[in-house]
Amino acid sequence: MPYVHETLEALRRSSPAQTEFYQAAEEVLECLRPLFERSPHYLDQGIIERIVEPERQIMFRVCWTDDSGKVQVNKGYRVQFNSALGPYKGGLRFHPSVTSGTIKFLGFEQIFKNALTGLPIGGGKGGSDFDPKGRSDVEIMRFCQAFMSELYRHIGPTTDVPAGDIGVGAREIGFLYGQYKRLSGRYEGVLTGKSLNWGGSLGRKEATGYGAVYFAENMLEARGETLEGKTCLVSGAGNVAIYTIEKLYELGAIPITCSDSRGTLHHARGIDLALLKELKEVRRVSLAAYLETHPEAHYIPTRDYPNDGHAVWRLKGDVAFPCATQNELIEADAEALLGNGVTCISEGANMPSTAAAVDRFLAAKVAYGPGKAANAGGVATSQLEMAQNSSMQQWSLEKVDAKLKEVMTHIHCQCADTAAEFDDSTNLVLGANIAGFRKVADAMIEQGVV
Ligand code: NDP
């Protein structure tokens, strides 16, 4: 269809060097071709040109002073991508690799992910190239305060509600919230992922990881299987990876790997979850320290890994959970996984598989849950936190978890039903993109040209 091709070409020209954003847009638009053939009115309404353009992009300077008294300068971003379904919603990422293109790709994915949850939330994302690694708590606080000193004027509980992402956990959300309250004079649900003592939701911390496991369960169930007894490969060692591992144990599976930016850990009898939490949530040290307690485990430093790709994906397992970062699973990794008998991949991270790797999974017709569907449990539970804040309530963990499970099943059904509607029943990428897009596009049309 020339129209999709022309839009992508225009995007390539207008967003030079934003390769991750282009990759995300290409995946979505290519999937929409069969929809446009059946429903050409989306083209008449210019929906795809409108949907790839953020409603607003905010870029700002963040100046702060480090512990030695030196002034540091970082870049801050917030992309308010699409508000057709509700207030902008999406996390903040603090990582040295962050550019405006990274935030645009994450914000774009967020539009469709949020739509799939069925909850009233639009898509947005933000962050900074600030590197929290090796910084003292006081430096983190000063950075968060400086970041919020600009961001606070652009957000609000009914306009834009940020949350965490890579490098932004409970500690950072606390500092950001404190500064928002000081500047605005208001105590309101403007951030999610807050501490349980002051407006947070039970189950939010666990939600993305638990949700990715529930999604895997749904995919396996559709094929007459369960997670029980399955060996699982997990990448990452942050929020999403830790709670993926926790839920896998609860369901009787055996997670044998995790990884961080410095290396991969392989423990054949199963990852020691309490130790992993201690290393990453409390001490914030490298996974290499795991061997002090478990010398029988294997640690593969990234710099020593001889192959292209990621050591996690070269081990033998039944189910894979990429939970670290974008493009961490390349075509050669996909080949290795399929060769080793993996039959199910559920993405906890955003766009962790390259386009070529996704093509391999789809061609093999294994159960493949793309991030925008499989990791939507985090944002869904963030919306539940917003609902609790606005009604001044705190729900029980059981209630939040039951709702999370329900949302993940709903997302899986939408993806599977839409894939079947378009005669490609195992293709949940197609299902997720068409189902998410249709919901947003219909709302945009109903709201007029704005
Ligand atoms: P964390 O910061 O808690 O953890 C990220 C993990 O990934 C760390 O172990 C980190 O290692 C590793 N990592 C980060 N960048 C790289 C890299 N370039 N190469 C190798 N490893 C890397 O982040 P989250 O767990 O919150 O997020 C992980 C993924 O899940 C991201 O893609 C995020 O967008 C996505 N996601 C998160 C949600 C949430 O609720 N938190 C919601 C939906 C999606 P190290 O510690 O060494 O830096």
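These legends accompany several close-up views of a predicted model. Residue numbers start from 1 along each chain as its sequence is written, and side-chain values use heavy atoms, with hydrogens and water left out. In this predicted model, local features need pLDDT of at least 70 and side-chain atom pairs count only at pLDDT 80 or more, while totals for chains, interfaces and linings use all residues.

**View 1. The shell around the ligand.** The ligand is surrounded by 25 residues, each with a heavy atom within 4 Å of it. The closest are Lys-133, Asp-165, Thr-208, Ser-261 and Asn-350. By class, the shell has 12 polar, seven charged and six nonpolar residues. Here Ala, Val, Leu, Ile, Met, Phe, Trp, Tyr, Cys and Pro count as nonpolar, Asp, Glu, Lys and Arg as charged, and the others, Gly among them, as polar. Domain 1 (54-189) and domain 2 (207-374) both give residues to this shell, so the ligand lies between them. The domain bounds come from an automatic or database domain assignment.

View 2. Backbone N or O atoms of Gly-167, Ala-237 and Asn-239 are shown with ligand oxygen atoms. For Gly-167, the distance is 3.0 Å. For Ala-237, it is 2.9 Å. For Asn-239, a backbone N or O atom also lies 2.9 Å from an oxygen atom of the ligand. The protein covers 83% of the 880 Å² of accessible area that the ligand has on its own; areas come from the Shrake-Rupley method with a 1.4 Å probe, and for residues only the protein chains shown count as cover. Helix H8 (204-221), helix H9 (239-250) and strand S8 (257-260) are the elements that give two or more residues to the shell. Helices (H or I, at least four residues) and strands (E, at least two) are DSSP runs, numbered from the N terminus.

**View 3. Positions annotated in UniProt.** An unreviewed UniProt entry places the feature "active site" at Lys-125. Lys-125 sits in strand S4 (residues 122-128). At 2% relative accessibility, Lys-125 is buried. Buried means under 20% relative accessible area, exposed over 50%, and partly exposed in between (1.4 Å probe, protein chains only). The unreviewed entry also places the feature "binding site" at Lys-89, Gln-110, Lys-113, Gly-164 and Ser-382. UniProt positions follow the numbering used here, feature names are shortened, and annotations may be inferred rather than shown by experiment. Gln-110 is buried, with a relative accessible area of 3%.

**View 4. The loop between S5 and H7.** Ile-166 lies in the loop between strand S5 (160-163) and helix H7 (170-184). Its relative accessibility is 24%, and Ile-166 counts as partly exposed. Ile-166 and Gln-393 are 227 residues apart along the chain. Their C-alpha atoms are separated by 28 Å.

**View 5. The loop between S11 and H12.** Gln-326 is placed in the loop between strand S11 (319-321) and helix H12 (331-339). Asn-327 is in the loop between S11 and H12 too. Gln-326 is buried, at 10% relative accessible area, whereas Asn-327 is partly exposed, at 26%. Asn-327 has a positive phi, near 55°, in a residue other than glycine.

**View 6. The loop between H1 and H2.** Ala-17 is in the loop between helix H1 (2-14) and helix H2 (19-38). Although Ala-17 is not a glycine, its phi is positive, at about 75°. Ala-17 is exposed, with a relative accessible area of 76%.

View 7. Thr-65 lies in strand S1 (residues 56-65). At 33% relative accessible area, Thr-65 is partly exposed. The C-alpha atoms of Thr-65 and Arg-33 are separated by 50 Å, and the two residues are 32 apart along the chain. Asn-433 is in helix H17 (residues 428-446). Asn-433 is buried, with a relative accessible area of 0%. Asn-433 and Leu-227 are 206 residues apart along the chain, and their C-alpha atoms are separated by 26 Å.

Methods
Polar contact = N/O pair within 3.5 Å; in protein donor to acceptor, adjacent residues only side chain to side chain.
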